[in-house]
Amino acid sequence: MLPFSAEAPTMKTCTATLPIACSHFLLFLLSLPLFFLPATDSQLLESCSTATDCGAGLYCGNCPSLGKTQPFCIRGQATIPSSIISGLPFNRYSWLMTHNAFSIVDAPSLTGAQRITFYNQEDSVTNQLRNGVRGFMLDMYDFENDIWLCHSFRGQCYNFTAFEPAINTLREIEAFLTQNPSEIVTIIIEDYVHTPKGLTKVFTDSGLDKYWYPVAKMPKKDEDWPTVNSMVQNNYRLLVFTSDSSKEATEGIAYQWRYMVENEPGDPGVVPGSCPNRKESKPLNSRSASLYLMNYFPTIPVQNEACKEHSTPLADMVATCYKSAGNQMPNFLAVNFYMRSDGGGVFDYLDRMNGQTLCGCSTISACQEELALLTLKDKKSLFG
């Protein structure tokens, strides 16, 4: 049985992981007078003409690649799973990650050259954070006696592939962490920086070093991470990983594939029925690491195709990668153009992933509904 399907989730798919079954909750709802039933967001999937037509967490868009040319209200914000069920190890949750988070359509050139590269996102990192993105893939290079974010090739940044100094984006993340003291952010660096201590300097200069999770404390192999509550209390709210293995010894930055497994990025990662591990990564089912990154984006990003990619094909691929990892849900789902979908998109699928992992239910909203009916004693016994 697949972990979830592309069909709309229902209360019937909840298991008895929690003491009160979802079916009891459904009977409870049916016994209430109509005017006491919980309100639903009636605007999702309904037609719209302007952004203000759609309710909170929605925006007005369409999906021509699926034949949906008339604008309708589409989901645009993620549910932060730790806000529903807190107190669990960090590696029990699934988080939204943006691939090449800095490679933003219409970003102005800061070098004076016309940019020639691919684009992967449509809004600023600050907006991505506001919409619930909690993981960022950033490509960092030496450029103009500084460290820049570039979407480049052959390990070199050019004036026509450069976006901005890395410190600009890092300061956006620092501002968010400062303003939101219960949030945790992960950064994965595709690392082409050769300046000695270059990464250390840019993270220190941005002010992010005060949130850094020490590499010495990171769990090895398949051990649980500390709880999200503990990470927040200790102010270890920034996880940073690099693709350069030497940086762990020289700068204390975690080498990514010592701590996580990962499937193939690009076209190999979107082939139906197949979820091979990346060549740098150990097999997905090896249980050699406690974090699991699922890449889900084509090699060549196409904005107008993303809404189709984030529908049924995403559900099928999550199910395939879940099986390939030995029935383990990804901790990070990395995508292009994360806002684009034909309705709920990546946000809905993350809710389903977290629902299954955290409470054995079809979606995290079902976890929330069940928790509302539990006694305080029950909650303490379940979640500590």
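Biologist: In helix α5, how far apart are Lys-201 and Asp-205 in helical turns?
Modeller: This is a predicted model, and helix α5 spans residues 198–206. Lys-201 and Asp-205 sit four residues apart in that helix. Their separation is therefore about one helical turn.

Biologist: What distance lies between the closest N and O atoms of Lys-201 and Asp-205?
Modeller: The two side chains form a salt bridge. That calls for a nitrogen within 4 Å of a carboxyl oxygen. Here the closest N and O atoms are apart by 2.6 Å.

Biologist: Which residue in strand β10 pairs with Arg-278, from the loop between β10 and β11?
Modeller: The salt bridge of Arg-278 to this partner has an N to O distance of 2.9 Å. The pair links distant parts of the chain, 16 residues apart. Both residues are buried. The partner in strand β10 is Glu-262.

Biologist: Arg-278 and Glu-280 also meet in a salt bridge; is Glu-280 buried or partly exposed?
Modeller: The N to O distance between Arg-278 and Glu-280 is 2.8 Å. Arg-278 itself is buried. Glu-280 has a relative accessible area of 33%, so it is partly exposed.

Biologist: How many salt bridges does the count give?
Modeller: One of them joins Lys-201 to Asp-205. Arg-75, Asp-348 and Asp-351 are linked in a network of salt bridges. The count comes to 13.

Biologist: How many disulfides does a search of the whole structure find?
Modeller: Among them, Cys-63 and Cys-307 have sulfur atoms 2.0 Å apart. Cys-275 is joined to Cys-321, S to S 2.1 Å. The search of the whole structure finds six.

Biologist: How many residues apart in sequence are the parts tied together by Cys-63 and Cys-307?
Modeller: The sulfur atoms of Cys-63 and Cys-307 form a disulfide. Cys-63 lies in strand β1, residues 58–63, and Cys-307 in helix α9, residues 303–309. The pair therefore ties together parts whose separation in sequence is 244 residues.

Biologist: Is the link of Cys-63 and Cys-307 right-handed or left-handed?
Modeller: Cys-63 is buried at 0% relative accessibility. Cys-307 is buried too, at 2%. With 85° about the S-S bond, their link is right-handed.

Biologist: And the link of Cys-150 and Cys-157, is that right-handed or left-handed?
Modeller: A disulfide joins the two, S to S 1.7 Å. Cys-150 and Cys-157 are both buried. The angle about the S-S bond is -45°, and the link is left-handed.

Biologist: Which helix holds Cys-321, the partner of Cys-275?
Modeller: The torsion about the S-S bond of Cys-275 and Cys-321 is about 100°, so this disulfide is right-handed. Cys-275 lies in the loop between β10 and β11, so the pair ties together parts 46 residues apart in sequence. Cys-275 is buried at 9%, and Cys-321 is buried at 0%. The helix of Cys-321 is α10.

Biologist: What area has the nonpolar surface patch of Phe-118, Ile-300 and Val-302?
Modeller: Phe-118 is in the loop between β3 and α3. At 42% relative accessibility, Phe-118 is partly exposed. Patch residues need over 30%. Phe-118, Ile-300 and Val-302 make a patch of about 270 Å².

Methods
Residues numbered from 1 in each chain as written. Predicted model: local features only at pLDDT ≥ 70, side-chain atom pairs only at ≥ 80, totals over all residues. Heavy atoms only, no water. Disulfide = S-S within 2.5 Å. Helix = DSSP H or I, 4+ residues; strand = E, 2+ residues; numbered from the N terminus. Buried < 20%, exposed > 50% of the residue type's maximum accessible area, 1.4 Å probe, protein only. Patch = residues over 30% accessible without salt bridge, like charges linked within 9 Å, V, L, I, M, F, W, Y side chains within 5 Å. Areas by Shrake-Rupley, 256 points an atom, 1.4 Å probe, with all protein chains shown as cover.
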